[in-house]
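Student: Could you take me closely through one part of this model, a set of neighbouring helices and how they pack against one another? I would like the packing described first, and then its setting in the chain.

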Amino acid sequence: MRILLSAFFVFLSITRAFAQSPGVDLDTQARAEVSAAMYYAAATQAAAQREADQRIRALQEHVEALEAEVAAADGIEARLEALTRARDEVVAELALRDRQYAREIAVFREAVEDIASTPEGATALARYNAGDRLGALSILDDLAEARARARETAAAIAEATDRRGIANLALDARDQGDVTTGDVIARFEAVVALDPTQHSDWIDLSRLYDEAGRLEDAASAAAQSLEVASDDRARSISMSHLGELTLLQGDTTGALDILMQSLAISRRLAEDDPGSVEAQADLAFILGEVGRARREQGDLAGALEAFEESLETSRRLAGGNPNSADFQRDVYLALYNAGNILLDQGDVGGALGHYQESFEIAQHLAETNHNSTSAQRDITVIVNRIGNVRLEQGNLSEALSAYEQGLAIRRRLAEADPGSAWAQRDIYVSLSKIGDVLYRQGNPTDALAAYEEMMAISEGLALADESSALAQRDHAYSLDRVGDVRRDQGDLAGALLVYEEGLAIRRRLAEDDEGSVEVQRDINANLIRIGDVRFEQGDFAGALVAYEQSLAISRQLVEADGSFARTQRDLADSLASIGAVKLELGDLSAAANAYEQSLTIRRRLVEADGSSALDRHGLAAVLAGIGDVRLAEENLTDAVTAYEESLALYRGIAEADEASAESLRALARSLARLAPLPDHPVGWSDVVEVYQQMDNRGLMSARDQDLLDHARDLARAGEAESAP
């Protein structure tokens, strides 16, 4: 949550930024180094790119000319002072145009002026300006230690001020990829140890701990920030961050309670001062956090309402401050959040529209500030969501391209900051997405490699922070994916082993967070997987137990919020699975009843959004199951009707993405249902043709090869019978 300034404080910040601070007496060289640090700061360069026009370019050219004169004249004092004034003029001009930049650069100037107040500090600052950020920070650390020893009787608050300036420089260097999260944490820990009274220090440290995967430390620091909060706004900031951390620890109900208290404060402050940009920005931020918590609880309507209010507020602020990168990012984030809800509700087209607009904003911000690691990460987040939409639409190749683009960026960011748990988790997420596509494309070897790498990451993060419900949940998800590949390779016992390990993790999480819909959905999916393996093992009684537990969860979630497309799909899956078991057990009436209930849900989902390949695939599978029941009842006419509608759906899905092994496999099996029926135009040669297409594209599994050999034998037998 940013700390914004009122109009008065913006003016005050500008004044302080460009007039010599009365408490700091700097010589010509030191003033020049302060000026250089201000001019070459990441914020100044980004602001200059945003505000580039004839005047700004002219001022920059003047600086370049003076820099050349100073270099040639070996730093003649008169020319050095002229260069300092020229640099300050660029910064002043940018600050007058961009209020957010004015605030940021005023704080930055205060830090570098304090550093430059000693000869040693000015020398270190010169090294920083010359590009040796790591060396300069090391010198400054040493200087801070020496100065502390030299003034043993001085107040600790003075030393904290020194270190705070260094810590803020380190934050700037980290965003440019020059130092790691761990480096910055160490500096802020030194600051709060000396002066534990500053609210913003504890918030910064808490967020850094969070990024490093140290949730308990993050929560402790956030609680300290609440202790020292001096006004309602500071208290609201602390509570919103505590709510975020509580959500990560798996307490959805507790998180929402804290966030709603923060929202009440922010809303009151915004209503008391409707003209305050600061108050409106705070309100937009906390609405986003409340929306995330509501989504976790399965309250999609409440989540969407919060996200849409956040989006409306952010658009208004961005419109009034078109040069503010912060407000543009708020719009990006609100679009992303609202798009997630639309996708949850089955509105694939609406979600894609939000994601694409969000991507355009993220791309613009990254282009404006090339060195910003946070801007690069924003691109990867939205690229993944676009990949999710493409995957749901059945376009596997475009989905894979999007995921691989994100992974390449995330690997670079993680290399630059190896201590960041969030950077490692980002790689984990990308690997899971890529593995899913490879698996569906019929490439289990590469899919397993992706899944095993992601499992190594999730296992390490889960062991490193056992208090993180998110890390535990991630690890259970990895186990699911490895189990899927083992099952596909015929290792049913191995698949069942990891599925049950994942289920045990999720049941523990559910005990700690009864309000989380996402954890319940995870358990539901886990039970379906276990039931599927037991079904393939011929343990129909064991499969039925798992499916019925899944059905109970699905019904409960749908009753809580029927607008959630994913829970509707879960219910349809549970019903269809029970139908399959009942068919195997010979209870045709119960099988038909379960399939018909599933069919009603599947038809409704397809009618709501026909662009979803996922929903069309689900409908086709249920129709095939109904056909199986009608065939067992010896109702050939209704069986053929169901099979042919299923086949038509599978043909459309396969034609839309011929690279998908999953789609071609489903098409072949649909044809195989019709091939043995008397007088039907579909024959075994049609089944063979589809499997041969898969074989030609390298999409065959061992099980597919067995089915192809069987289809070939039947096709040859049929040809022999029809021969004269």
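**Helix packing, close up**

Tutor: The axes of α23 and helix α24 (residues 492-512) come within 8 Å and cross at roughly 160 degrees, where axes are lines fitted to C-alpha atoms over the stretch in contact and angles run from 0 to 180 degrees between N-to-C directions. This is a predicted model, in which local features need pLDDT of at least 70 and side-chain atom pairs count only at pLDDT 80 or more, while totals for chains, interfaces and linings use all residues. Residues are numbered from 1 along each chain as its sequence is written, and side-chain values use heavy atoms, with hydrogens and water left out. Helices are DSSP runs (H or I, at least four residues), as strands are (E, at least two), numbered from the N terminus.

From that angle it follows that α23 and α24 are roughly antiparallel (over 145 degrees; under 35 is roughly parallel, 65 to 115 roughly perpendicular and the rest oblique). Their crossing is left-handed, that is, the near helix is turned anticlockwise from the far one by less than a right angle. On the α23 side the contact (heavy atoms within 4.5 Å) involves A469, Q472, R473, H475, A476, Y477, L479, D480, G483, D484, R486 and R487, which meet L492, G494, A495, V498, Y499, E501, G502, I505, R506 and L509 of α24. By class, the residues of this contact are ten nonpolar, five polar and seven charged, with Ala, Val, Leu, Ile, Met, Phe, Trp, Tyr, Cys and Pro taken as nonpolar, Asp, Glu, Lys and Arg as charged, and the others, Gly among them, as polar.

Buried residues (under 20% relative accessible area; exposed is over 50%, partly exposed in between, with a 1.4 Å probe and protein chains only) of α22 are P444, A447, L448, A450, Y451, M454, M455, I457, S458, L461 and A462. The cover over these buried residues includes α21 and α23 (469-488).

Helix α21 (residues 421-440) in turn packs on helix α20 (residues 396-416), their axes coming within 9 Å and crossing at roughly 155 degrees, so α20 and α21 are roughly antiparallel. The crossing of α20 and α21 is left-handed. Here L396, A399, L400, Y403, E404, G406, L407, R410, R411 and A414 of α20 touch α21 through residues including A423, I427, L431, I434 and L438. The residues of the contact between α20 and α21 comprise 13 nonpolar, three polar and six charged.

As for the setting, the protein chain has 33 helices and zero strands, and its C-alpha trace spans about 110 × 50 × 45 Å along its principal axes. Of its 724 residues, 55% count as buried. Among contacts in the chain between residues at least 6 apart in sequence, 64% join residues at least 24 apart.
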